[in-house]
Amino acid sequence: MTYGRVTPGERQTTRVGGDAAVLDDPVGQSLRGHHARLARRCGRAVGYLPDVATFSALSVGRGATGADTDATAWADLARLLGPGELADMFSSPATPPPGWKPVFEMEGRQMIRPGTGRFARAEAETGVVELGADDVPEMLGLVERTRPGPFWARTRELGTYLGIRHEGTLVAMAGERLRPPGWTEISAVCTAPEARGRGYAARLVGELAARITARGERPFLHVAEANTAAIALYEGLGFETRAEVVFRGFRVP
Ligand SMILES: CC(C)(COP(=O)(O)OP(=O)(O)OC[C@H]1O[C@@H](n2cnc3c(N)ncnc32)[C@H](O)[C@@H]1OP(=O)(O)O)[C@@H](O)C(=O)NCCC(=O)NCCS
């Protein structure tokens, strides 16, 4: 499968069927739809509640290029977030006006599982438990040790989070994050260092993917380009790269 690098002002993606177009704006598509209850808005800007996720999105209104530099949308975002705050634009290639200083830039890729087939559940569920509000301190502790990506006190509210315990201690987890129509992102995949290589992450991602496909949706995910272990994990489960992306954050002037 071929795929294209996404840079500000340019977007190329693999053709995998019309509905994959929503994956070009996964944050905005989630916040205006399935996650509207977890959104805050100002004009053409929308963002997650701060303790749920840091991601924001703009209504660019110029098709898939993301090349909109419309000052009003960015002014809306500045009002939404407040001066000096982080505007975490996730994978959006939209370029802010002068004065918005870059905070981070990280190359990554968006992966999907081709086709609409279901993941088998089989015995993959063994030892897998659903994580609830009471588990959040332990989830935050595991994230602190393994750094799978942003995860906050209320991130669990974005979807189902699953874990594996060893002698009562949470040693692996994975969960659902962005929800553009027809898709669910698998995120926060992590295994404690002492529990790696036992197939825990594969089991959790497989179980989430099985649940997602069972409700007629398709799984997707994002991974940092440098994370070769995670890319190998996802490729082993049949995920393929749909697009290369750049995660970017800016400081609100
Ligand atoms: C990536 C990570 C989740 C893997 O967890 P794990 O429970 O050890 O993974 P599994 O045992 O289920 O491995 C399944 C497959 O993934 C691949 N894999 C896992 N770790 C790997 C590594 N270090 N190098 C290469 N391939 C690796 C292998 O293909 C493996 O299958 P195999 O054991 O048959 O070879 C774990 O290393 C981790 O927590 N890393 C830090 C957090 C992180 O980066 N999360 C991903 C964010 S996108």
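E167 is found in the loop between β8 and β9, where helices (H or I, at least four residues) and strands (E, at least two) are DSSP runs numbered from the N terminus. The model described here is a predicted one, in which local features need pLDDT of at least 70, side-chain atom pairs count only at pLDDT 80 or more, and totals for chains, interfaces and linings use all residues. Residues are numbered from 1 along each chain as its sequence is written, and side-chain values use heavy atoms, with hydrogens and water left out.

As for confidence, pLDDT is the predictor's confidence in each residue, from 0 to 100. The protein chain has a mean pLDDT of 89, with 87% of its residues at 70 or more. Residues 1-18 have a pLDDT below 50, and this stretch makes 47 contacts in the model beyond near neighbours in sequence, a contact being heavy atoms within 4.5 Å. Where pLDDT is low, the predicted coordinates should not be read in detail.

Strands β8 (residues 161-166) and β9 (residues 169-176) pair in the antiparallel sense over six bridges; two strands pair if DSSP finds at least two bridges between them. Within this pairing, R165 stands opposite L170 of β9. Two residues separate the strands of the hairpin, and E167 takes a positive phi near 50° there. Most residues other than glycine have a negative phi. E167 counts as exposed because its relative accessibility is 76%, on a scale where buried means under 20% relative accessible area, exposed over 50% and partly exposed in between (1.4 Å probe, protein chains only).

Strand β8 also has a partner in β7 (residues 128-130), to which three bridges join it in an antiparallel arrangement. V128 has I164 of β8 as its bridge partner. Not counting residues up to four places away in sequence, H166 touches V171, R198 and Y200.

What does helix α3 (residues 136-146) bury? Its buried residues are V136, M139, L142, V143 and T146. They lie on the same side of α3 because they cover an arc of only 120° around the axis, taken from the directions from the helix axis to the C-beta atoms. The cover over these buried residues includes β8, β9 and β10 (183-191). P137 and E144 are exposed residues on the face of α3 turned away from its buried side. Just after the helix comes R147, with a positive phi of about 50°. This residue lies in the loop between α3 and β8, and R147 is exposed because its relative accessible area is 63%.

The ligand is surrounded by 20 residues, of which V189, T191, G197, G199 and N227 are the closest; a residue is near a molecule if one of its heavy atoms lies within 4 Å of it. From the side chain of N227, an N or O atom is 2.7 Å from an oxygen atom of the ligand.

Methods:
Polar contact = N/O pair within 3.5 Å; in protein donor to acceptor, adjacent residues only side chain to side chain.
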